[in-house]
Amino acid sequence: MAYNQYQQRPPNYVDQSVLINVFRRVDTDNSGVISDAELQQALSNGTWTPFNPVTVRAIISMFDRECKGGVNFTEFTGVWKYITDWQNIFRAYDRDNSGLIDKNELKQALSSFGYRLTDQFYEILIRKFDRQRKGQIAFDDFIQCCTVLQKLTDVFRRFDTDQDGWIHVSYEQYLSMVFNVV
């Protein structure tokens with residue numbers, strides 16, 4: 001859809017020529033496909049540390065429709081929107097603009113997503129996803145935390161047939177559930 005000077009652009013609109021230029025800069029080997037290593041080099045979590053490679057691989061795998069180990073330009077537009085959406089969510093809950101999400105900010109974010117968890121569990125999440133050991137979670141680790149939690153919730157819901165928050169599973173079913181996520 002073309003836009004003239006009298007039309008308003010939709011929210012989060014990015015001009016295709018801008019995305020093409022970004023794609024070319026990120027595709028350092030000029031293969032036409034951005035690998036996880038190339039994407040990791042291009043992304044910033046705002047803490048001067050490399051973007052979490054586990055998060056990068058997860059993002060690539062979500063958009064790599066042909067299982068080629070990277071994303072072409074069309075798939076990259078989805079990656080761009082996905083990361084931009086996560087940035088907006090992260091910024092909305094990073095109340096002190098520190099570039100990190102603390103336990104209370106994480107609790108506010110996940111509560112708004114519909115999770116009702118104990119303070120003890122939020123401490124577990126912080127310990128699990130705080131790669132820098134600061135008691136807070138950086139942007140890339142926030143994405144990983146939320147996506148892992150969502151995947152685990154989806155698996156749990158398949159077994160919670162009456163939706164009461166309780167399931168009865170065997171040890172092997174439990175292991176299968178967890179290993180399908182991690």
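How many disulfides does the count come to in this protein? The count comes to zero. The model is predicted, and its 182 residues include 34% that count as buried. Eight helices and four strands make up the secondary structure.

**Overall fold**

- The C-alpha trace spans about 55 × 40 × 35 Å along its principal axes.
- Of the contacts between residues at least 6 apart in sequence, 50% join residues at least 24 apart.

**Cysteines**

- A disulfide is a covalent bond between the sulfur atoms of two cysteines.
- For Cys146, the closest cysteine sulfur belongs to Cys145 and lies 5.2 Å away, which is too far for a bond, because a disulfide requires the two sulfur atoms to be within 2.5 Å.
- Cys146 has a relative accessible area of 6%, so this residue is buried.
- Cys67, in contrast, counts as exposed, with a relative accessibility of 72%.

**Helix α5 against helix α7**

- Helix α5 covers residues 103-112 and helix α7 covers residues 139-159; their axes come within 12 Å and cross at roughly 40 degrees.
- This angle makes α5 oblique to α7.
- The crossing of the two helices, α5 and α7, is right-handed.
- On the α5 side the contact is made by Leu106, Ala109 and Leu110, and on the α7 side by Phe142, Cys145, Cys146 and Leu149.
- Sorted by class, the residues in the contact of α5 with α7 are seven nonpolar, no polar and no charged.

**Helix α4 against helix α7**

- Helix α4 spans residues 73-93, and the axes of α4 and α7 come within 10 Å, crossing at roughly 100 degrees.
- The two helices, α4 and α7, are therefore roughly perpendicular to each other.
- From α4, the residues in contact are Tyr82, Ile83, Trp86, Gln87, Ile89 and Phe90; they meet Phe139, Phe142, Ile143, Cys146 and Thr147 of α7.
- Sorted by class, the contact of α4 with α7 has nine nonpolar, two polar and no charged residues.
- Phe142 and Cys146 of α7 are among the residues that meet α4, and Phe142 and Cys146 are also among those that make the contact with α5.

**Positive phi at two asparagines**

- Asn30 is not a glycine, yet its phi is positive, at about 55 degrees.
- The loop between α1 and β1 (34-35) holds Asn30, and Asn30 counts as exposed at 65% relative accessibility.
- Asn97 likewise has a positive phi of about 55 degrees without being a glycine.
- Asn97 sits in the loop between α4 and β3 (100-101), and with 66% relative accessibility Asn97 counts as exposed.

**Arg25 in helix α1**

- Arg25 belongs to helix α1, which runs over residues 16-26.
- Its relative accessibility is 59%, so Arg25 counts as exposed.
- Arg25 and Ala42 are separated by 17 residues in sequence, and their C-alpha atoms are 8.5 Å apart in space.

Key: Residues numbered from 1 in each chain as written. Predicted model: local features only at pLDDT ≥ 70, side-chain atom pairs only at ≥ 80, totals over all residues. Heavy atoms only, no water. Buried < 20%, exposed > 50% of the residue type's maximum accessible area, 1.4 Å probe, protein only. Axes fitted to C-alpha atoms, helices over the stretch in contact; angles between N-to-C directions. Parallel < 35°, antiparallel > 145°, perpendicular 65-115°, else oblique. Left-handed = near helix turned anticlockwise from the far one by under 90°. Contact = heavy atoms within 4.5 Å. Nonpolar A, V, L, I, M, F, W, Y, C, P; charged D, E, K, R; others polar.
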